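Biologist: Let us go through the terms used for this model and see what each one rests on.

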Amino acid sequence: MTVLDIISIVAGSLMVVLGVLALNAKKLFNTVIYLSMMSMLAVVCFVIMRAPDVAITEAVIGSGLVTALFVFTLFAGKKAGGKA
Amino acid sequence: MIQYFSIVLMLVGIYGLLSQRNVIKLIAALNIFEIGLNLFIVSIGFVKDGLVPILTSNNESSAMLYVDPLPHALVLTSIVIGVGVTALALALAKKMHDKYGTYDMDEMGGK
Amino acid sequence: MKQIVSILLVAAIGILIFSALYFSDETLKFNEYGNVNLDDRVSEKYIDKSVNGNTEEIIFGETQNAESGSANMVTSVVVNYRSFDTLGEVTVLFVSALGVGLLLNGKRKRKNLKDAPNFILKQGARIIFGIMVVFGVYMFIHGHITPGGGFPGGAIIAASILLLYLSDDEFRVKLSAAKAVESTAGSLYVIVGLLGIVLAGYFLQNFLPTGTVGEVISSGVIPIVYMLIGLKVGSELSSVIDGFLTEEVEG
């Protein structure tokens with residue numbers, strides 16, 4: 001068992017845990033942040049699987065733009081006065 | 001190893017889609033499913049001790065052992081489609097929130 | 001109750017997937033993780049650049065006029081061998097951006113930020129904006145020799161626009177300009193494909209000389225197409241971000 005195997009096991013199990021946490025979070029904002037963390041761990045997995053192109057794309061889009069879009073949607077909902 | 005975890009991630013996504021009633025959480029579940037699927041597609045192209053599929057001055061011959069580049073190309077486009085789908089779904093969720101004042105689908109039915 | 005039913009259902013699906021992939025009989029069995037023989041797959045031809053029957057080994061910095069002169073094999077698949085797929089993908093992105101534009105329509109103005117940004121934040125963000133745009137453009141110009149390419153390059157440009165939106169409460173993208181860039185890039189992509197029919201015989205065929213593998217000006221039509229994809233993705237995602245950070249003006 002090499003170091004990369006250990007890192008991939010840790011990253012993979014953390015991703016599963018974060019996915020369950022994201023679905024069961026009380027606040028919607030926490031869901032978004034867990035999703036972003038999961039996406040960052042997916043980048044680690046992509047790098048371990050020798051896919052740098054995919055890793056760059058996932059890092060920019062998955063944990064950057066998608067998180068921003070989620071946060072703006074929640075932000076707009078809060079401001080309108082309804083409960084989020 | 002990552003392959004098993006990616007299948008479990010897909011199952012977590014399906015569980016979210018089945019059990020949640022909140023629109024934002026449904027979209028989050030869709031995203032989890034998508035990450036799992038992308039990891040799975042990339043993992044079927046992984047070759048043990050394979051190199052990154054880019055010719056450089058260090059690994060300069062095409063006869064060396066590389067990982068499969070085809071799944072990477074498919075996943076590259078799939079991620080960008082994913083952000084388009086997520087943006088469309090979030091715009092719909094925003095419209096729903098403007099009309100009903102909540103993201104919960106159970107509370108929407110009453111009005 | 002609903003939770004239990006869905007957990008049972010998911011467990012059933014999981015058992016089905018695992019048994020189908022790893023425990024079925026010998027003919028249907030799925031390759032173990034990392035234990036793949038590339039000779040069985042079509043990708044072997046993409047790695048050797050031998051779809052048209054080339055038998056020579058490709059050497060970085062030496063081979064000239066290869067079938068697809070891109071050192072990055074992923075790029076050669078995305079914009080050369082399977083460029084038609086990419087054209088369809090760009091269309092899907094266009095349709096979803098159009099959908100966002102239709103849903104969040106009307107006369108719009110910038111949403112007020114909670115804390116008004118001060119002078120130092122605005123100017124500092126502009127400096128970083130320049131660096132980010134240069135990095136994005138670098139990424140899609142060098143898509144055929146380094147990891148990256150049009151999709152992450154365009155997304156980095158969109159992220160730089162997002163930075164300006166967050167740091168300046170009056171900044172807005174000119175939506176007409178974004179639409180013009182987007183439609184021009186999309187049409188030029190199709191025109192490049194049609195030129196392929198005229199000059200080389202097939203839609204989206206490479207019609208320029210491919211040069212030496214590993215140089216910046218090489219691999220024919222790939223850098224041009226990736227540049228167009230980068231501009232298209234960047235402008236599309238910028239207009240999506242604009243839709244999310246503005247609010248409708250009443251009346």
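**Terms and the values behind them**

Modeller: In this predicted model, the C-alpha centres of domain 1 and domain 2 of chain C are 38 Å apart.

Biologist: Which residues of chain C belong to domain 1 and which to domain 2?

Modeller: Domain 1 of chain C covers 2-36, and domain 2 of chain C covers 69-248. These bounds come from an automatic or database domain assignment.

Biologist: What elements does chain C have, and in what order do they run?

Modeller: Chain C has eight helices and two strands. Starting at the N terminus, the order is α-α-α-α-β-α-α-α-α-β.

Biologist: Why is chain C called more spread out than a compact globule?

Modeller: For 251 residues the globule rule gives 18 Å, and the radius of gyration of chain C is 23 Å, well over that value, so chain C is more spread out than a compact globule. Along the principal axes, the C-alpha atoms of chain C fill a box of roughly 65 × 60 × 35 Å. Of the 251 residues in chain C, 44% are buried.

Biologist: What makes B:Met1 count as buried, partly exposed or exposed?

Modeller: Buried requires under 20% relative accessible area and exposed over 50%. B:Met1 has 36% relative accessibility, so it counts as partly exposed. B:Met1 sits in the segment before α1 of chain B.

Biologist: What does B:Met1 touch, leaving out residues up to four places away in sequence?

Modeller: B:Met1 touches A:Ser8, A:Ile9 and C:Tyr33. Contact here requires heavy atoms within 4.5 Å. Within chain B, B:Met1 and B:Ser43 are 42 residues apart in sequence, with their C-alpha atoms 9.1 Å apart in space.

Biologist: How do you know that the span of helix α1 of chain A is close to the expected one?

Modeller: Helix α1 of chain A (residues 3-24) has 22 residues, and at 1.5 Å a residue 32 Å is expected; from first C-alpha to last, the helix reaches 32 Å. Its buried residues include A:Ser8, A:Gly12, A:Met15, A:Leu18 and A:Leu23.

Note on methods
Residues numbered from 1 in each chain as written. Chains lettered and ligands numbered in written order. Predicted model: local features only at pLDDT ≥ 70, side-chain atom pairs only at ≥ 80, totals over all residues. Heavy atoms only, no water. Helix = DSSP H or I, 4+ residues; strand = E, 2+ residues; numbered from the N terminus. Expected span 1.5 Å × (residues − 1). Buried < 20%, exposed > 50% of the residue type's maximum accessible area, 1.4 Å probe, protein only. Rg over C-alpha atoms; globule rule 2.2 N^0.38 Å.
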